[in-house]
Protein chains: 4
Amino acid sequence: MSDIRVLTGPQVAEHASRESCWIIVHGKVYDVTDFLDEHPGGSKIILKYAGKDATEAYEPIHPPDAITTNLPPQKHLGVIDASTVAKVVKEVTEEEKHRQALLDARPPLDNIINLHDFENVAKIVLPEKAWAYYSSASDDEITIRENRMAYQRVWWRPRILRDVSSVDWSTTILGQKSTLPVYISATALGKLGHPDGELCLTRAAANHGVIQMIATLASCSFDDIIDAAAPGQVFFLQLYVNRDREITRKYVQHAEKRGVKGLFITVDAPQLGRREKDMRMKHVDDDAGAEVQKGQDGVKKDQGVARAISSFIDPSLSWKDIPWFKSITKMPIILKGIGSAEDAVLAYEAGVQGIVLSNHGGRQLDTARSGIEVLVEVVTALRLRGYFPDPKFEIYVDGGVRRASDVLKAIALGAKAVGVGRPFLYAFCAYGQEGVEKAIQIFRDEFEMNMRLLGARTIDEVVPDMVDASSLKSHFVMTPQDNLFTNTYQPLALAQFRNAKL
Amino acid sequence: MSDIRVLTGPQVAEHASRESCWIIVHGKVYDVTDFLDEHPGGSKIILKYAGKDATEAYEPIHPPDAITTNLPPQKHLGVIDASTVAKVVKEVTEEEKHRQALLDARPPLDNIINLHDFENVAKIVLPEKAWAYYSSASDDEITIRENRMAYQRVWWRPRILRDVSSVDWSTTILGQKSTLPVYISATALGKLGHPDGELCLTRAAANHGVIQMIATLASCSFDDIIDAAAPGQVFFLQLYVNRDREITRKYVQHAEKRGVKGLFITVDAPQLGRREKDMRMKHVDDDAGAEVQKGQDGVKKDQGVARAISSFIDPSLSWKDIPWFKSITKMPIILKGIGSAEDAVLAYEAGVQGIVLSNHGGRQLDTARSGIEVLVEVVTALRLRGYFPDPKFEIYVDGGVRRASDVLKAIALGAKAVGVGRPFLYAFCAYGQEGVEKAIQIFRDEFEMNMRLLGARTIDEVVPDMVDASSLKSHFVMTPQDNLFTNTYQPLALAQFRNAKL
Amino acid sequence: MSDIRVLTGPQVAEHASRESCWIIVHGKVYDVTDFLDEHPGGSKIILKYAGKDATEAYEPIHPPDAITTNLPPQKHLGVIDASTVAKVVKEVTEEEKHRQALLDARPPLDNIINLHDFENVAKIVLPEKAWAYYSSASDDEITIRENRMAYQRVWWRPRILRDVSSVDWSTTILGQKSTLPVYISATALGKLGHPDGELCLTRAAANHGVIQMIATLASCSFDDIIDAAAPGQVFFLQLYVNRDREITRKYVQHAEKRGVKGLFITVDAPQLGRREKDMRMKHVDDDAGAEVQKGQDGVKKDQGVARAISSFIDPSLSWKDIPWFKSITKMPIILKGIGSAEDAVLAYEAGVQGIVLSNHGGRQLDTARSGIEVLVEVVTALRLRGYFPDPKFEIYVDGGVRRASDVLKAIALGAKAVGVGRPFLYAFCAYGQEGVEKAIQIFRDEFEMNMRLLGARTIDEVVPDMVDASSLKSHFVMTPQDNLFTNTYQPLALAQFRNAKL
Amino acid sequence: MSDIRVLTGPQVAEHASRESCWIIVHGKVYDVTDFLDEHPGGSKIILKYAGKDATEAYEPIHPPDAITTNLPPQKHLGVIDASTVAKVVKEVTEEEKHRQALLDARPPLDNIINLHDFENVAKIVLPEKAWAYYSSASDDEITIRENRMAYQRVWWRPRILRDVSSVDWSTTILGQKSTLPVYISATALGKLGHPDGELCLTRAAANHGVIQMIATLASCSFDDIIDAAAPGQVFFLQLYVNRDREITRKYVQHAEKRGVKGLFITVDAPQLGRREKDMRMKHVDDDAGAEVQKGQDGVKKDQGVARAISSFIDPSLSWKDIPWFKSITKMPIILKGIGSAEDAVLAYEAGVQGIVLSNHGGRQLDTARSGIEVLVEVVTALRLRGYFPDPKFEIYVDGGVRRASDVLKAIALGAKAVGVGRPFLYAFCAYGQEGVEKAIQIFRDEFEMNMRLLGARTIDEVVPDMVDASSLKSHFVMTPQDNLFTNTYQPLALAQFRNAKL
């Protein structure tokens, strides 16, 4: 249409100040002057790109439609004439060179034999800011670690002498076939860690019959992901509910139209947690700047990436909204982020199709209990009321899973499937799509071994009697050490070799 | 009045020996010859200033009226003619220069994102002696750490889908409004750590609507603090009861007259604890002196700052004294330092207005339980007798609090508010008044986040069902390690990068 | 017989490619071309020896009859004329020289005073691959360590003032006399660690009246071991059941004919566990090769030694097979690898003579419980049904035993004897037969001391009341550490010496 | 008398071989040729002194009458003419010089503020062999450390607002006055650590009204100790019962005649434990010698000091012997080393006057429970039978005590007093008699503080309600760590200073 104004690089470059600030994103020009003070990430980062193309910085940390959603139409100034924009010769920093060398020295994918390996590679090769954003959790990061530790409080009671020549760990999730009792849980901002972002997950999932849950805050747009799908590939959608419900309605109905098979509404994040690793990262950036501005930017200054991208989330979401969701979609509705038996009962009674017992990977309320611990209390409470088992109501767990063994423990205790987020994210950060496929392969190897050793031929044979979860509820905190005694005690030594130099 | 004798520097300088020892403090001259052997801090430190101005050493570690209280009037010799005293050119030591460099290198206040940060900065920038005095606790320092650890044994059971668009964590304490369910608890000798001492607290508290409890052993005098108050600013008073009850009576009635709103009588300190860090500091000083005097000074030698300043406290204080306190003041009376259900019941029956479940920040009886643990037993016992809840009897807890999350756990378990001492102290040691304001701001951010994530819109909605405190009573002490086994076991390794030098 | 073809070195050397691949093993020539892709250890390792003598590489990691079992008779080409094979001058690598120096520097055997010492010496002197194979366990190696830790949760209640001038710790196992309540449990591939392999065990066992259990996967052939036996020496046989039951039948009946006194059928290994230390070792080897082949060899690539040698094991083995075993042998049948009370009851009811409560030294299902923990539940369940005690049904335990004290705890809780595997293996890896004898001597010293100190004069007097096992079932996992607090806290120090340089 | 033969140095020097071996001890000459093979410490150490004066090596590790007891009279050859023995110029080794420098650098006694300080000084200044002998415990040294740890599982429930202006911690033990509820427990071979040996204890005990228990294996002879006593000073006697009861009878009756007030019969040591630190020390010595003799000396070789000195102890001692003890002495009889309620009941019924709940400082049966844990079960069992409280039957506890707080916990749980051994031993090793006096002073300071803070004015007011011992019975052993996870997790960091060099 002829209304679209075409602008040139020099024109844009004239608006490079706090007084008049234009930026280019994805070939379009926006006037963000009035938005500077509202930018959840602070004005400073925008001003860095005032009068210039900000796409590269914008892309990985914003939902694709963030700018169009936040800016009124009159601030959409037009398209840029690409030929008029000076090509920025991107300087390769020493840090970036070092990172490239690290990438080159990665262990060969064949040497990756467990999910921790991916995380360790990612930790080393990721840009610091990406690692901080992905790995961070709230407050003292107790819960993120407890999520892992809790599985160690559940012990196996394996059965023997069953013919396990063939074992089958496939299942269904919300009626959809899955080759694993695991789905890929939503994680945000995938492009911070890999240029293809969440598409790495999509492609790998297609090849292996695994279900991907698409994140509201994915770096790749929802449609890009769906467009990349294989025929018949199954997706779920993770939903952060917008303060503007109309946006949410459109988003959900669009997803349903494009074939998404389940709507996972996040209910544990009316506000995103304070994640100190992420927050410290922000400060390092600021510090690099000239002077330290004492509190000038107010609260927003120290909130890290997480807060910057989440201001649209509606803290008023409540049980009253459930009927509305039912009215706008026929997709099964699952509440993601249940942390108590009471809310599990309410969810069942609200008529949703499932719940995810989750603490958001430890990123929200610290010292919240792990999903696996909550599972026991939830199953007990539902069973008491005759709500469990019920084929129309499924329970999932996420957080801390690193082994097929963990998944099977959750299933033994009543879960239908388990969500795995960061491990798949780290897999593609470290090795792209191939990494994700290897992660799925590792799961397969581990499921085969564990089910044989458990004496379970199918997922249905993984039963409560196979676990001893009696220590699960106990939270052991060490009494502080008697340092004087400990430092005085001389530990026993082993027999010494005769040549200390060897 | 013409009775006041004016003395000159040379006159004072003549009395510089154990036989006749005069010192100048705050412009007045005192004959302390007879007091040398009674000085709780030992005679040596006084003799160092014999015939000289001792103000700078005296000030931070003595209550302002210590010298007038301890010396009979006839030893108050007169005022000094300042012009006659040689100005001491204070030499800046290497240690002091180093400390100044550390102060300059402090993290910018913006980078402080939790209360631990203040403590760490204080630990690095404080003079060693001040750090030793503030941070020390009794015996093996088990209880001071247990105070923190105990909160980790309480886990959240958060509720979801409640409209938390606005949350409010303000409350009342003894009927006084407080913007936080937290009061600034009394800590002593603030000038050891910052020249403005406790006034940093007073000014920050005024700006943020927080209540300050004034310590009997504050470096700033009671009146200096009250004089610095904003209109309507609320204070409580922490009281060490003097062997001479008349002194106590005057002190309490003066406080009431000046508007103090609650009297917190310390009941866990008939004698101050043996705090080894503080005691070792004392020895380092002595060692610097020429010869080591074997036991010459008797018990007093190795008692550190704490004992030196506390000899006036009355160990005979008992339940029989409560009616007397009621007779001398109309302020609400709170017993600070309750450690068992039995005493909580006695306190209620004695008709006081509240209790603080506290072990004095771990500085008194080591391996005493934490306030949060005692809280459960106290609430149970009071409830059993129909004493709880009772709007006229409030329960507070202190010790080990570093997160808003801790405060909310105490409230869920029945506390009305929580006392926070060292963190605010460290905040002003590190950054003065601004530090304290930042600490309050951090609390506010954390309260907002935690209440939203808990699903509690007001303090009243923070209820017992929101916590799992079932592990709170358990004191886990590790069975000693099998060192031979541990040293022989080779831990699993992650996949190796191909270039170890990277 | 004249049918045996004699081949020469040059003839064999012509078949050195993937297209035609001959190898020499123990003086015989085999055509393994068609077998290359089926080799559980991958084709690469065989191709390394294509056209050459592979005996040295073959020997330590294959059961002696592996090649004849796996290759059809027509691929057995004939015998080699030894004089025609070029002597390979084996180069002594730097690594091997270093290892030899370590061997020379071993602590004198007299200095070995506990079983951990053997393990530590073995860890240092063994080739890396051998150590990886022996020491590895599955997944996170939780269970292998838990096996040891569990004994620390059982505490003694010793009895005093009993005449213990003579104490006797001998017993019978399956009716056979044993000087210790311990048998040497089966471990595989002994020649990886010592040229004499399992014969070190056989000779030491003969000298000390201890029973050896022979492993299906021993490096020394079954007959070599039996041939080395002293008159009347007692053996048990550990059995991996072959997919081809005929092979198993012959093996078992041969063993019975040669006088074996008990058949221990392994029931916890339908598939061998994923042992990451072993798997990583495999990768190091591959990496040494030129290019990394991405996934070319499929799953088999990353399975380590363990999987390579175990593909014959039948995963379909089930309770239905027990009658068949009874029909082919009169030896007592023991099920090795029970992990729950339910299966212990089934075993009893199936009419076998005993069970070993075992998790395969932590090498199979990780986070399976320890034998000693399972023992309590098994004895309780059997007793409840009147199955315990029963002189015709014996219970053994293995895993984690390092002290006579551990053995006695198992006996107190109901075990008849205890299997000890790795410690004896490490003993001969470190010091050959003499090492094993010393290990037995250490057990004897410890049994004497412990029984005296317990007040038990015979094994029968080691009774349940002598132990407090009330903590055995509890699995304590530390709540994650509050790192900020821990790093800020300054531990108490001891009094300092005056000269730091001393 | 003229029968005494006087021998000269050259005469003795002629007998310096295995064939004829004479040695001089305390001025007397002995023919030990036939005794060489019976010497519990091995023949080698004696042969080192063959034909020479062995007094210096003999003295600290033998009971004074060891040689006369073990050699028949005809081997007592006569006295030496001192003038004829070449003075051995003792070479001061580098090690000894270093040790002397360490002694000179000891912290001044004033800087010692807790009992751990003594242990740390002793650890540094003692000859290695002495430290190994004193500090060692049996097997994995679990129990010695558990002894200390167990006290941390008992927590205080202090009482407030009691008039504690004067507190009194004196008591009686077996009817004898003691200024502390603590007695000095027997430890052996004091001269290994200080030339005055146990006399340091005797003199300090006299000055402070504390009771000393004399050890059978003291370096100072029983009579030397009694001779050094102050008028009215009270002693107890620790008794190892000799295989030759006549020796025991004489020893006991002599002690009674010399005024000893209580006979503590050790019942937990029919054989001394295997103490690996001590055993390793022995090996270091051997290794220094030329060739390693494989097993030549048999079992005795690797037994350390402990076994060398204890071969006379009778392992047949039993309940049947108690009436005999009653028949030979009127002293109260106490059984030292009870570890279960059953034996406590038997002891009471056997009519003895008391028991010591003890595991011999962790030196006997490893993973035996601590005295403080056993105390709870013993008091419960005795109370059930109406045996407790009984003024004629006292219960003591020892092991792991380092603080007055520990003592008071034991008293709260039912102990009459507590035995303290190693801390007093280390005190005199580090500082002689003065060290012991300082240790007592530290106890006094701690008792005063603790009793005030507990709200107990006398020992009788230290009651069960003052402790929470509910975790005492729980033995927490950590589930093995998930190393992959732990190594991948990146701990939270504090805010960074801007100049890392500071």
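## Close-up views of a predicted model

**View 1. The exposed side of helix H11 in chain D.** D:Glu246 and D:Lys257 are exposed on the side of H11(D) that lies opposite its buried residues. The model shown here is predicted.

**View 2. Helix H11(D) from end to end.** The helix runs over residues 245-257 of chain D. It counts 13 residues. From first C-alpha to last, H11(D) reaches 18 Å. That is close to the 18 Å expected at 1.5 Å a residue.

**View 3. The buried side of H11(D).** D:Thr248, D:Val252 and D:Ala255 are buried. These residues sit on the same side of H11(D) because they cover an arc of only 60 degrees around the axis. Their cover includes two helices of chain D, H10 (222-227) and H14 (322-328). It also includes strand E10 (235-239) and strand E11 (263-266) of chain D.

**View 4. What follows H11(D).** D:Gly259 comes after the helix. Its phi is positive, near 100 degrees.

**View 5. The contact between chains B and A.** Chain B gives 51 residues to the contact, and chain A gives 58 residues. H18(B) brings the largest share, 7 residues.

**View 6. Residue classes on the chain B side.** The side of chain B that touches chain A has 22 nonpolar residues. It also holds 14 polar and 15 charged residues.

Technical notes. Residues are numbered from 1 along each chain as its sequence is written. Chains are lettered from A and ligands numbered from 1 in the order in which they are written. This is a predicted model: local features need pLDDT of at least 70, side-chain atom pairs count only at pLDDT 80 or more; totals for chains, interfaces and linings use all residues. Helices (H or I, at least four residues) and strands (E, at least two) are DSSP runs, numbered from the N terminus. The expected span of a helix is 1.5 Å times one less than its number of residues. A residue is buried if 20 or more other C-beta atoms lie within 10 Å of its own, exposed if 12 or fewer, and partly exposed in between; C-beta atoms are placed from the backbone. The arc is that of the directions from the helix axis to the C-beta atoms. Two residues are in contact if their C-beta atoms, placed from the backbone, lie within 7 Å. Ala, Val, Leu, Ile, Met, Phe, Trp, Tyr, Cys and Pro count as nonpolar, Asp, Glu, Lys and Arg as charged, and the others, Gly among them, as polar.
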